[in-house]
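Take a look at the structure below.

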Amino acid sequence: MSDQGDHPLPIHDPDADPWKMTEAEPATIVGLWPGDEPPTRTEVLAGLAGSAGFDESSVEELQPQDSMLWAFTQNDVLPNGLIIWAEPAQNVGPEDVPDPEFLQNKWILGASTILPPDASYETMVGLVRLLAGSFPDVPAIIDTNTGMWILRADLDELFLADQPCPPEDLLWRVHVVSTVESIEEADQLWLYTTGLHRCWRPELELIGIPGPLLQPGLELIGGIASRILLDPLPEPGKVEKIGHEIDVCFQPWQVIADSLEGNQLGTEEDRANFNGG
């Protein structure tokens, strides 16, 4: 999958806050293209032509990057426009796909946009609807920011219904890191989100959660993620009450990582290892 770091779409600058989110990563999805032949620009434009707000006259060509076959932008169909491109599918193993038949898909169709900070959910739903609705033979879509798969049955039922109703946690995914195979027996877990950065929010972490408290930890971090999509985070170091019983103090991850000992998850070394450092 090509690196979309050099995203040519316009970027809003949200109101300054203590967490200093001055930019957001692009929201990017890819659809598995059916058949052996790659998607052509002509057939993709024909598929998109039926989407509300899509005007081919505002399409601008882009120089393809890396393995892209072609790429273009269209600036009207979503608030910040979007990029559409095609490229070969990555070589993956059976453990990486929810259905082994997906290994036969040789090509992907990608779509990327910048989510507005005040309409992240609506725009993300619109992005998925655009790709899924324009190309009904696409069997699944991958949210590359989170690694989440959305299968055709869910695309039809949740996104393409007359009243779309995908869950709010479409915007993020919680990952769990453990040093032991049995999570329930772990004395410490590291929970962290992916996906919030594209919504102009910092990613969230919970460090040191005991294995038996995994489910409450997931509910807590999910509840906070939902809350910060509507309200700004408290200032660093300020204690906030979540629900009726839990006091939470928000701190930048660097502050916490610097205070951790070597045997605790979430240290600078752990993060370097995750990033290939």
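What follows is a walk through the nonpolar cores, a sheet, a helix and a few single residues.

Keep in mind that this is a predicted model.

Start with the inside. In soluble globular proteins, nonpolar side chains tend to be buried together. Here the largest nonpolar core has 55 residues. The residues with the most contacts inside this core are Val44, Phe72, Ile84, Leu109 and Met124. Helix α2, residues 120-134, gives the most to the core, with seven residues. A second core is separate and has eleven residues, including Val30, Leu32, Met68 and Phe102.

Val44 is then in contact with Trp33, Pro39, Trp70, Phe72, Ile84, Leu109 and Phe135.

Now turn to a sheet. Strands of a sheet pair through backbone hydrogen bonds, either parallel or antiparallel. This sheet is open, with three strands in the order β8-β9-β10 and antiparallel pairing. Strands β8 (173-177) and β10 (205-209) stand at the edges, and each has a single partner strand, so one side of each is left without a neighbour in the sheet. From one strand to the next, the twist averages 20 degrees. Strand β9 covers residues 189-194, and its antiparallel pairing with β8 runs over five bridges.

Next comes a helix with two faces. An α-helix has 3.6 residues a turn, so residues three or four places apart point the same way. Helix α3 spans residues 152-159, and its buried residues are Arg152, Leu155 and Phe159. Seen down the axis of α3, these buried residues fall within an arc of 80 degrees, so they line one face of the helix. What do they pack against? The buried residues of α3 meet α2, β6 (140-143) and β7 (148-151). The face turned away from the buried side carries Ala153 and Glu157, which are exposed.

The loop between β9 and β10 deserves a stop. Arg198 is found there. Is Arg198 buried or exposed? Its relative accessible area is 0%, so Arg198 counts as buried. What lies around its side chain? The backbone oxygen of Leu170 lies 3.3 Å from a polar atom of the Arg198 side chain. The backbone oxygen of Gly195 lies 3.2 Å from a polar atom of that side chain. Not counting residues up to four places away in sequence, Arg198 touches a list of residues that includes Glu25, Leu115, Met124, Asp143, Asn145 and Trp172.

Trp200 has a positive phi of about 70 degrees, although it is not a glycine. Asp66 also has a positive phi without being a glycine, at about 50 degrees. Asp66 is found in the loop between β2 (59-61) and β3 (70-74). Asp66 has 67% relative accessibility, so it counts as exposed.

Definitions and conventions:
Residues numbered from 1 in each chain as written. Heavy atoms only, no water. Core = buried A, V, L, I, M, F, W, Y, C linked by side-chain atoms within 4.5 Å. Buried < 20%, exposed > 50% of the residue type's maximum accessible area, 1.4 Å probe, protein only. Helix = DSSP H or I, 4+ residues; strand = E, 2+ residues; numbered from the N terminus. Contact = heavy atoms within 4.5 Å. Pairing = 2+ DSSP bridges. Axes fitted to C-alpha atoms, helices over the stretch in contact; angles between N-to-C directions. Arc of directions from axis to C-beta. Polar contact = N/O pair within 3.5 Å; in protein donor to acceptor, adjacent residues only side chain to side chain.
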